[in-house]
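Biologist: I would like to learn how to read a few local features in a model like this one. Could we go through them one at a time?

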Amino acid sequence: MTLPSIARRRDVQVLAALVVVAGIAGGAYGLWTIFLKPAGPAAVSASLLATSSASGGGGSTSSPIATGTHSLVVNTSLGSFSDFSSSFVGYRVQEELASIGGNTAVGRTPDVSGTVTIEGMTVTAAEITADLSTLKSDDDRRDSQLRRQAIETDRYPTATFSLTEPIELPAAAAQGETVNVTATGDLTLHGVTRSVQIPLQARLETDRVVLIGSLDITFADFQIEKPNSFLVLSVDDHGILELQLLLTEA
């Protein structure tokens, strides 16, 4: 065998070895993504009791918030955004990623403000605003795309909700129990306003009110187009709007 032939054969062997190593590395990454990647944050419905317990509220004690008239504000100093025990607004969307497969994209922002008025056992007014330009997920590339695509936070940086019908709180709320209610109001997202009904869980505590809720939103209803990316093979045509609010006296 000539020296050039030996050299070519050696080059082929080296190339084959590199391909095998790349394949192993790619497979290992895929396995890490599927089996070892940390799970995304739990849905808000699973975090209410933990938030309430950490605040020292709950139990069967009567809540003074259930009597008289109270003006409440979203308190962003309570809890921590790092473990999602604070107030936040966010989304959950199912996507299909190249070389990874199905994934639930979760993005949240702690930059929420608003006021809620409670008169006796009736919520008479509520105005909530979220700064969507600070939405944060587990991937900066996704966050960057959402500034220009889909909800286009560079163009539509805020989302708002305004209550249009009073909410009558069940009697159990006065005892600090978690109750289920529905908030009917106008949701403005992506520059479009629609009347929505948001199912909520509420808990009146000695020093605060805890609210959580989620709403399935069809993107077309708010003129939101699904994002395009070479990494994203497909995205559902709907997603979940999530909120967790900790309210205290103004």
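Biologist: Which residues are exposed on the other side of helix 3?

Modeller: This is a predicted model, so keep that in mind throughout. Exposed means over 50% relative accessible area, and buried means under 20%. In helix 3, Asp140 and Arg141 are exposed.

Biologist: And which residues of helix 3 are buried?

Modeller: Helix 3 spans residues 140–148, and its buried residues are Arg142, Asp143 and Leu146. These three lie on the same side of helix 3, because the arc they cover around the axis is only 100°.

Biologist: What is the relative accessible area of Arg142?

Modeller: The value is 14%, so Arg142 counts as buried. As for its surroundings, Arg142 is in contact with Tyr91, Glu95, Asn103, Ala105 and Ser137, once neighbours within four places in sequence are left aside.

Biologist: Now the rings. How many aromatic pairs does the count come to?

Modeller: Ring pairs are judged by the distance between centres and the angle between planes, and planes over 60 degrees apart count as edge-to-face. The count comes to 2 aromatic pairs. Phe81 and Phe84 form an edge-to-face pair, 5.2 Å centre to centre with 85° between the planes. Phe84 also pairs edge-to-face with Phe88, at 5.7 Å centre to centre and 70° between the planes. These ring pairs link Phe81, Phe84 and Phe88 into a cluster.

Biologist: Is Phe88 buried or exposed?

Modeller: Phe88 counts as buried, because its relative accessibility is 1%. Phe81 is partly exposed, at 25%, and Phe84 is partly exposed as well, at 23%.

Biologist: Which residue lies over the face of Phe84?

Modeller: Arg108 does, at 4.6 Å from the ring centre.

Biologist: Last, the nonpolar core. Which residues have the most contacts inside the largest one?

Modeller: The largest nonpolar core has 50 residues, and Val116, Leu187 and Val209 have the most contacts inside it. Strand 9, residues 192–204, gives the most to this core, with 6 residues. Beyond its neighbours within four places in sequence, Val116 is in contact with several residues, including His70, Leu72, Ile128 and Leu247.

Terms used
Residues are numbered from 1 along each chain as its sequence is written. This is a predicted model: local features need pLDDT of at least 70, side-chain atom pairs count only at pLDDT 80 or more; totals for chains, interfaces and linings use all residues. Side-chain values use heavy atoms; hydrogens and water are left out. A nonpolar core is a set of buried Ala, Val, Leu, Ile, Met, Phe, Trp, Tyr and Cys residues joined through side-chain atoms within 4.5 Å. Buried means under 20% relative accessible area, exposed over 50%, partly exposed in between (1.4 Å probe, protein chains only). Helices (H or I, at least four residues) and strands (E, at least two) are DSSP runs, numbered from the N terminus. Contact means heavy atoms within 4.5 Å. The arc is that of the directions from the helix axis to the C-beta atoms. Rings of Phe, Tyr and Trp (its six-membered ring) pair if their centres lie within 6.5 Å; planes under 30 degrees apart count as stacked, over 60 as edge-to-face and the rest as tilted. A charge sits over a ring if NZ of Lys or CZ of Arg is within 6 Å of the ring centre and within 35 degrees of the ring normal.
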